[in-house]
Amino acid sequence: MRAVTGSNLQPSRSCTPTRRPRRTSRFFAGLALAALAGCAAPPPKDPEALAEYREANDPYESLNRKMYDLSMTLDKYSMRPVAKAYVWAVPYRVRQSLGGLVQTMNEPVVFFNDVGAGKPRRAGDAFVRWCVNMVAGLGGLIDVAKYAGYPHHDNDAGLTLATWGVPSGPYLFMPMMGPSSFRDGAGYGIDVGLSPWNYVPRGYGLLTFNWAYNIMGMINGRADHLDALDQLQKDALDPYATIRSAYQQQRKAQAEAIRNDHRATVPDWYN
């Protein structure tokens with residue numbers, strides 16, 4: 001599932017094997033299904049209930065909850081056991097290094113979105129991170145760039161669209177993808193096109209590596225959030241609503257952080 005960071009709740013942001021149109025097609029299939037499932041529930045007339053309805057921004061809640069239940073069932077019998085075995089078999093430091101490799105492979109997408117958001121300093125940081133970690137960090141296994149003063153930051157096309165003023169649209173919960181929205185779903189399709197790893201040629205083992213690192217990233221991401229998701233399922237009165245709220249707050253905070261990043265283009269050390 002898509003990660004919900006910025007809080008103690010962090011459903012995993014999965015990476016699917018590249019040539020990711022399958023995941024994109026699932027998203028648009030979900031939109032069609034939502035349209036055929038009775039469309040949005042009518043807003044309540046009670047003022048207090050109406051305010052809550054608007055804040056949740058979840059007119060497809062009935063369908064979304066079914067998708068959530070389906071995802072949790074699939075996860076219980078597929079990704080969770082695999083992730084638990086992975087945690088048992090692979091030491092934490094190794095898992096951390098593999099996660100850094102996946103993160104480094106995604107830096108070009110972050111860079112392009114920083115450019116699209118009109119944030120050259122952020123784009124420069126992402127570019128430096130990619131160059132440094134690909135060379136000195138052995139492809140990202142060691143986060144050398146962080147120690148050099150270039151910590152990782154998140155960005156994606158959904159956030160870039162948010163900085164352009166594009167509204168999120170209704171909340172959606174997609175099977176095995178997790179929380180999303182109309183805007184973030186469209187943004188995911190853009191990110192697929194922005195990732196250079198989706199255009200690797202055949203031969204030299206590149207395509208095999210591409211699949212391997214994405215599968216590994218999916219497992220590694222789920223493993224990172226085993227305890228958080230288990231705790232959520234155990235303690236939350238309504239896990240679905242908790243995930244929805246955390247996701248929406250996180251995306252809003254991330255978009256605001258990008259808008260409010262007015263740092264000078266050149267790094268501080270240059271002056």
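Let's start with Asp58 and Arg244: both are buried, where buried means under 20% relative accessible area, exposed means over 50%, and partly exposed lies in between, with a 1.4 Å probe and protein chains only. Their side chains meet in a salt bridge at 2.9 Å, N to O. For a salt bridge, a side-chain nitrogen of Lys or Arg has to be within 4 Å of a carboxyl oxygen of Asp or Glu. This pair links distant parts of the chain: Asp58 sits in the loop between helix H2 (47-56) and H3, Arg244 belongs to helix H13 (residues 239-259), and 186 residues separate them. Helices here are DSSP runs of H or I with at least four residues, strands are runs of E with at least two, and both are numbered from the N terminus.

A word on what you are looking at: this is a predicted model, with local features needing pLDDT of at least 70 and side-chain atom pairs counting only at pLDDT 80 or more, while totals for chains, interfaces and linings use all residues. Residues are numbered from 1 along each chain as its sequence is written, and side-chain values use heavy atoms, with hydrogens and water left out.

Back to the charges. Side chains of opposite charge can pair when their charged atoms come close. How many salt bridges does the rule give? The count comes to 17. Another of them joins Arg122 and Asp114, at 3.6 Å, N to O. Arg122 counts as buried because its relative accessibility is 8%, and Asp114 counts as buried because its value is 0%. Those two also belong to a network of salt bridges that links Asp114, Arg121, Arg122, Asp125, Asp261 and Arg263.

Now for a salt bridge within a helix. Glu256 and Arg259 meet at 2.5 Å, N to O. They are three residues apart in helix H13, so about one helical turn separates them. Glu256 has 34% relative accessibility, so it counts as partly exposed; Arg259, at 31%, is partly exposed as well.

Let's move on to the aromatics. Rings of Phe, Tyr and Trp (its six-membered ring) pair if their centres lie within 6.5 Å; planes under 30 degrees apart count as stacked, over 60 as edge-to-face, and the rest as tilted. The count by this rule comes to eight aromatic pairs. Phe111 and Phe127 form a tilted one, with 5.9 Å centre to centre and 50 degrees between the planes. Here too, distant parts of the chain are linked, with Phe111 in helix H6 and Phe127 in helix H7, 16 residues apart. Phe111 is partly exposed, with a relative accessible area of 25%, and Phe127 is partly exposed at 47%. There is also one aromatic cluster formed by Tyr68, Tyr171, Phe173, Tyr240 and Tyr247.

Ser71 is at 1% relative accessibility, so it counts as buried. Leaving out residues up to four places away in sequence, Ser71 touches Phe173, Met174, Pro175 and Met176, where contact means heavy atoms within 4.5 Å.

The expected span of a helix is 1.5 Å times one less than its number of residues. For the 14 residues of H5 (residues 92-105) that should be 20 Å, and the end C-alpha atoms are 20 Å apart, which agrees. Which residues of H5 are buried? They are Arg95, Gly100, Leu101, Val102, Thr104 and Met105. These pack against helix H4 (79-89), helix H6 (107-116), helix H7 (120-135) and helix H11 (206-224).

Leu98 also has its place in H5, but it is partly exposed, with a relative accessible area of 21%. Setting aside neighbours within four places in sequence, Leu98 is in contact with Tyr86, Leu141, Met216 and Asn220. Leu98 and Gly139 are 41 residues apart in sequence, yet 9.7 Å apart in space, C-alpha to C-alpha.

To finish, Leu161 has its place in helix H9 (residues 157-163) and is buried, with a relative accessible area of 14%. Not counting residues up to four places away in sequence, Leu161 touches Val166, Arg183, Gly187 and Ile190. Thanks, everyone!
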